[in-house]
Every structure is written in C-alpha cells, then in structure tokens.
Amino acid sequence: MNCPSLLWRLALLSSMAVGGSSLADAPESVRITVKNFAFSPVPLIVSVGATVTWTNLDDEPHTAVSDSGAFRSGAMDTKESFSFKFDRPGTYHFTCSIHPSMVGTVIVR
Ligand SMILES: [Cu+2]
C-alpha cells in the first residue's frame, strides 16, 4: 500500500528548505549595470526577497551606496560586482560615492 501522507510530508519539507516560500515563488535575481557613469535600469522594480547585483562595465571604479545605509558596496573595478538581497519593501535610493551625480533607485514591492 502507498503512503501518501509520507510523500506529502516530504513535499512539505522540501518546500521549507527554500525558506518557507512556495516552489513556484523562486527568489528573483536582477542585474543593474553601471556603464558610462550611469546605473541602468533606473528605477529598478523588484519583489521582496530579490537579490540585486550591480556590475561595473566602466573603466573607472564605481560604488553603490544606499542613502539610508541599507547597503554599501566597496569600490567596484571594471567587471566587478556587488550583490544585495532586499528583504523589506520600500524605495531605496543610492548613489556612487565617487561620482555623486550617479544616482539610482530600487523599488521593492
Ligand atoms: Cu562612479
């Protein structure tokens, strides 16, 4: 005889292993490129739990520093990246601390 309740428990366990969210609800992974002294796209709109990765494609170093202090990359040299996971909804403004005219926004819903 089959044991459907055991199978159900296994399914439940494997869904808990990915943080309690359903399997269809895979975490989002989104990129921001830094090129020609600009972030792109701006604004970036993501869901709660998304990981955003900034990648510098310029020959100059850049940073991504949150105005609220939520995140702060180090200096990213050419082709280097910085990632941050957004666990809370909100609007996150950030700048490049080396070039303050470079601004961007991540909107987390
Ligand atoms: Cu910069």
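**Core.** I looked up the largest nonpolar core first. It has 12 residues in all: Val-34, Phe-39, Val-52, Trp-54, Ala-64, Met-76, Phe-82, Phe-86, Tyr-92, Phe-94, Cys-96 and Val-106. A nonpolar core here is a set of buried Ala, Val, Leu, Ile, Met, Phe, Trp, Tyr and Cys residues joined through C-beta atoms within 7 Å. A residue is buried if 20 or more other C-beta atoms lie within 10 Å of its own, exposed if 12 or fewer, and partly exposed in between, with C-beta atoms placed from the backbone. Strand E4 (51-56) and strand E7 (90-95) each supply at least two residues of this core.

**Model.** I noted that this is a predicted model, where local features need pLDDT of at least 70, side-chain atom pairs count only at pLDDT 80 or more, and totals for chains, interfaces and linings use all residues. Residues are numbered from 1 along each chain as its sequence is written. The pLDDT is the predictor's confidence in each residue, from 0 to 100. The chain averages 86, and 77% of the residues score at least 70. I marked residues 12-21, where the pLDDT is below 50; beyond near neighbours in sequence, this stretch has three contacts in the model. Two residues are in contact if their C-beta atoms, placed from the backbone, lie within 7 Å.

**Whole chain.** I found one helix and eight strands. Both are DSSP runs, numbered from the N terminus: helices are H or I with at least four residues, strands E with at least two. Along the sequence the pattern reads α-β-β-β-β-β-β-β-β. Of the 109 residues, 16% count as buried. Of the contacts with a separation of 6 or more, 45% are between residues 24 or more positions apart.

**Sheet.** I traced an open sheet of four strands, in the order E3-E8-E7-E5, with mixed pairing. Strands E3 (44-46) and E5 (65-66) stand at the edges, each with a single partner strand, so one side of each lacks a neighbour in the sheet. Two strands pair if DSSP finds at least two bridges between them. E3 pairs with E8 (residues 103-108) in the parallel sense over three bridges. Ile-45 stands opposite Ile-107 in E8.

**Val-106.** Leaving aside neighbours within four places in sequence, Val-106 is in contact with Pro-43, Leu-44, Val-46, Val-52, Phe-86 and Tyr-92.

**Val-48.** I placed Val-48 in the loop between E3 and E4. Val-48 is partly exposed, with 14 other C-beta atoms within 10 Å. Not counting residues up to four places away, Val-48 touches Phe-86, Asp-87, Arg-88, Pro-89, Val-108 and Arg-109. Val-48 and Ile-107 are 59 residues apart in sequence and 9.4 Å apart in space, C-alpha to C-alpha.

**Backbone.** Most residues other than glycine have a negative phi, and most peptide bonds are trans. I checked for departures. A cis bond joins Ser-40 and Pro-41, with omega about 0°. The bond from Val-42 to Pro-43 is also cis, with omega near -5°. Pro-41 is in the loop between strand E2 (38-40) and E3, and Pro-43 is found in the loop between E2 and E3.

Phe-37 has a positive phi, near 60°. Phe-37 lies in the loop between strand E1 (29-35) and E2, and is partly exposed, with 13 other C-beta atoms within 10 Å. For Lys-79, phi is near 70°. Lys-79 lies in the loop between E5 and strand E6 (81-85), and counts as exposed, with 9 C-beta neighbours inside 10 Å.
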